[in-house]
Amino acid sequence: MATLEKLNSKMVAAQINHGEQVFARKGAMLSYTGEVNFIPSTTGGASIGGFVGRIVAGENVPLMIAQGQGNVLFGHGGYQVKIIQLDGANSLTVEADKLLIYDGSLTAGTQFLAQGGGVRALAQGQMTGQGLCTTVLSGVGNAVVMSHGPVFEIPIGGGEVAVDPQAYIGHVGAVDVKLDMNVSWRDAVGKGSGEAFQLKMTGNGTVYVQASERKIK
Amino acid sequence: MTQALNAQTLPVNDNVNPYAFCVDVNGQYFVQKGKMIAYYGQIKFEALSMGGLSQLVAGHFSSPLYHQDWIVATGQGKLILGDRGFDINSFDLEDGNLTVRASSLLGFDPTLILKQSIVPGFLTLIGSGKFLASSNGAVHFVEPPVRVDPQALLGWADCPSPCHHYDHTYMASVMGMVGNMFGRGGSGEEHQLDFTGAGTVLMQSSEDVNDTGILREMQAQIPVLGVAGLQQVQMTVNQRLAQEQAHQ
C-alpha cells in the first residue's frame, strides 16, 4: 500500500515502493523523484466486465498506473485534495472526474448513481449535468478526491440528507442515493429556484460535499 | 469581522491575506500589468517605453518580449497586488539567481536585474532584492534530482537549467500511441523537465497553460525562418487546427 502525505491544500505526495501501484487520473502527476513508470490504463484496475461498464456508462476519464520506486506528487487543475482512508468495511462511491488517485490495493467498479437505471436515470443525468455513473472503490487503501474549494463531510445516520448534485463529491458507507426531482412549471420557464434536483441520501455513512457548484474538468 | 484597513493599518511589505500583498513603494518598483488591485498615496504608473525610464529599463529589464506586460510604479505609497486568487509570496534574493514563470512574477525591486530565461515562458532574476510571485496553492519546494510536469513548475533557484525528459515506456505502450493519435497526449506523463545538480525547485499545483509568453517566443523565432520553414509551420498549424476542430 503506497503511503500518502498531504503536502498542502492542493498537493498530495505518494511514496511508492516496488510491487505497489497507484492509479491516477491522467495528467495529475506534478513531479517525481526516483524510478517511477507511468503506464496508461483503460480499465482502471477493473475486470473486463467493469471496463465495458465504464465505456457504457461514459466514465471515460483516462487513468494511468504509477509504479516503481520513488516519491510522486499529485495534483490537478488547482483543485483542493482530500485523502479518504478505506478500512475494507465500507466502500467509497465517487464520481470519476472527482477522483485524483487511488491505491492499487483497492478494487474499482462502476455503479449507476440513480438506482434502477434505465431511461429515467439517463434523463436525470442529462438534466442535472452530473455523471450518470460513479466509480466504486472497495478494499483497504487510500483514495484522494478533488474539490473546488474545501470539502466537508456530512455524516448520514438515520435521517435523510439532501445534497446539490453539483456539490456532491462522493460518499462512504451503506448509503442509498436517490435523485429527487422537484420540477415545476417555473423551472420550465427559467424562473425556478435552481434547486430542482437533489440527491437524497439515507443509510449509514458519510457524504463528501464541496462548497461550490463548479464542475471539475 | 476584521478591522477595515486603511493607509496606516495596511501591512508594510507583507501579505494582507494569502491572496493579496501590500508593497510599500518608495521610489521605483516593477509591476506586472493588471496585477494592481488598489493603491494609497502618490504613485504613478508608466509603461516601460516611457522616455524617462529608459535608463532603468536598460539596466534592470533585459527582455523586450515582455516589455508590454510590465509597468513601473513611481512615487510613495502603498500598492496592493493580487493575481487570479492565487497565493502570493514574497521572496528574498541575496546575490543569487532565481527563474520563475513569467505569468507568476508580479513585481520586483529595481535592485534586481531581470533577464529572459532560456526556457520559454520563464524569467530569471539576478542580484539582491525582493520579488513577489503567485502560485496556484502553496509553493512546494523540492530538491533535485526531480522530474516535474511543465505545468506544475513555478521556478527554480541556483540549479542548472532543466532538460527535457521523455518517458519511453509511456510513449511506446500501445494505448499511449492511440492516445497520442487522438490528440490526448501532452498530459505531462510522457514529458517532464528533469532537474539535476544542487539547488531548489519551486512547484505549484498545476495550472492551465495559457502562457502568452510561449506564444510570443514562438512568434519571435518566425523571422529566422525561410519560405520552406514557414510553409512547414503553416502545415503543422493547419493539421493541429483540423484536429482541434474535429474534437469539438
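Start by selecting chain A, which has three helices and 15 strands; helices (H or I, at least four residues) and strands (E, at least two) are DSSP runs, numbered from the N terminus. Before you click further, know that this is a predicted model, where local features need pLDDT of at least 70, side-chain atom pairs count only at pLDDT 80 or more, and totals for chains, interfaces and linings use all residues. Residues are numbered from 1 along each chain as its sequence is written, while chains are lettered from A and ligands numbered from 1 in the order in which they are written.

Stay on chain A for a moment. Of its 217 residues, 43% count as buried (20 or more other C-beta atoms within 10 Å of the residue's own; exposed is 12 or fewer, partly exposed in between, with C-beta atoms placed from the backbone). Take the contacts in chain A with a separation of 6 or more: 81% of them link residues 24 or more positions apart. A contact here is two residues whose C-beta atoms, placed from the backbone, lie within 7 Å.

Now switch to chain B. You'll find five helices and 15 strands, and 34% of the 248 residues are buried. In chain B, residues 24 or more positions apart make up 77% of the contacts with a separation of 6 or more.

Next, pick out residues 70-82 of chain B, which form strand β5.

Where next? Go to helix α5 (residues 227-247) of chain B, whose 21 residues reach 31 Å from first C-alpha to last. That's close to the expected 30 Å (1.5 Å times one less than the number of residues). The number of buried residues in α5(B) is zero, so this helix lies largely in the open.

Finally, color by pLDDT, the predictor's confidence in each residue, from 0 to 100. Chain B averages 86, with 88% of its residues at 70 or more. Which elements of chain B have the lowest and the highest mean pLDDT? Helix α3 (residues 174-181) is lowest at 50, and strand β7 (residues 105-108) is highest at 96. Over residues 179-187 of chain B the pLDDT is below 50, and this stretch has ten contacts in the model beyond near neighbours in sequence. For the model as a whole, the scores are ipTM 0.75 and pTM 0.80.

How values were computed:
Two strands pair if DSSP finds at least two bridges between them.
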